[in-house]
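Please look through the sequence and the model shown here before reading on.

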Amino acid sequence: LFRHRSEPNRHGWGLAVYPDNSCQIIKEPIKAEDSKLSGFLTEYKPFKSKIFIGHVRYSTHGSISHCNTHPFSRELHGREYVFAHNGTIHDYQSLPVSRFHPIGETDSEWAFCHLLEQLCHRNITAWNENHFKWLAGVLNNINNHGNFNCLFSDGEYLFCYHDTGGYNGLRFVHRKPPFQIHVMLKDEDVQVDLSREKSQDQHGYVIASKPLTDEDWDSFDAGELIVFRSGEMVYSNKREAYTQPSV
């Protein structure tokens with residue numbers, strides 16, 4: 001569906017998946033709807049993962065190039081972190097980096113490197129609720145420098161943060177059995193039967209800036225961090241999570 005959001009975000013597209021503990025990133029500095037590769041992936045059935053992070057880019061910092069196209073990735077503590085950002089961060093070079101350095105020229109990649117620096121100093125090798133609370137503060141501090149919606153993952157957890165000013169929106173929908181029979185895609189005159197597309201043991205969440213379907217999407221609160229794991233919501237700093245993480 002993000003191919004149809006590429007007209008106003010025409011400077012690149014990318015998709016990150018975790019086929020195992022490692023991450024596979026496919027991205028191009030062109031409009032997603034013009035890409036034969038992105039079209040191929042829509043029909044490529046073996047392309048499966050518990051976590052997908054997709055992004056279409058409108059450039060505000062940095063050239064239109066592969067190195068400036070989201071998502072970005074780095075290794076930390078034997079895990080491959082992937083990051084995508086929506087918004088503009090001002091004075092971003094004031095955010096300290098030392099071990100991790102950007103390859104490209106974007107505010108987004110710099111913020112990712114700064115975030116990894118904080119994770120490195122915290123020495124998080126296994127996440128728990130106290131770490132999630134701390135992380136919300138780190139993301140809020142980055143947010144003080146501009147507009148900041150972001151998604152990132154270590155392959156086990158998916159971290160989703162919404163800008164304190166409500167910039168551009170962030171929504172989610174929970175899909176679980178029994179699935180709706182008729183779901184209309186927002187950007188296409190196409191109806192999908194989820195009861196046929198999904199098996200009864202599948203469940204999870206879809207997160208997007210704007211609703212992708214006519215389902216009942218929930219809005220993130222301003223400044224909200226929601227953490228997902230194995231298709232469950234395990235933490236939120238603004239609402240009661242459905243499944244509490246192990247400590």
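## Cysteines

A search of the whole structure finds zero disulfides, where a disulfide is a pair of cysteine sulfur atoms within 2.5 Å. Cys-160, for instance, is in no disulfide, and the nearest cysteine sulfur, which belongs to Cys-150, lies 8.2 Å away. Cys-160 is buried, with a relative accessible area of 0%, whereas Cys-67 counts as partly exposed because its relative accessibility is 30%. In these terms, buried means under 20% relative accessible area, exposed means over 50%, and partly exposed lies in between, with a 1.4 Å probe and protein chains only.

## The model and its chain

This is a predicted model, in which local features need a pLDDT of at least 70 and side-chain atom pairs count only at pLDDT 80 or more, while totals for chains, interfaces and linings use all residues. Residues are numbered from 1 along each chain as its sequence is written, and side-chain values use heavy atoms, with hydrogens and water left out.

The protein chain holds four helices and 14 strands; helices (H or I, at least four residues) and strands (E, at least two) are DSSP runs, numbered from the N terminus. Of its 247 residues, 48% count as buried. Among contacts (heavy atoms within 4.5 Å) between residues at least 6 apart in sequence, 63% join residues at least 24 apart.

## A buried lysine

Lys-27 lies in strand β2, which covers residues 24–28.

Not counting residues up to four places away in sequence, Lys-27 touches several residues, among them Trp-13, Gly-14, His-66 and Phe-72.

## Helix α2 and His-114

Helix α2 is mostly covered, since 12 of its 16 residues are buried, and what covers these buried residues includes β4 (72–76), β5 (79–86), α3 (129–143) and β6 (149–153). The buried residues include Glu-109, Trp-110, Cys-113 and His-114. At 1.5 Å a residue, the 16 residues of α2 should span 22 Å, and its end C-alpha atoms are 23 Å apart, which agrees; the expected span is 1.5 Å times one less than the number of residues. After α2 comes Asn-123, whose phi is positive, near 60 degrees.

His-114 lies in α2, residues 107–122, and is buried, with a relative accessible area of 4%. Its side chain reaches the backbone oxygen of Pro-96 at 2.9 Å. Leaving aside neighbours within four places in sequence, His-114 is in contact with Leu-95, Pro-96, Val-97, Asn-141 and Ile-142.

## Ala-208 in strand β11

Ala-208 belongs to strand β11, residues 204–208, and counts as buried because its relative accessible area is 12%. The C-alpha atoms of Ala-208 and Gly-169 are separated by 8.4 Å, although these two residues are 39 residues apart along the chain. Once its neighbours within four places in sequence are left aside, Ala-208 is in contact with Leu-170, Arg-171 and Trp-217.

Terms used: Polar contact = N/O pair within 3.5 Å; in protein donor to acceptor, adjacent residues only side chain to side chain.
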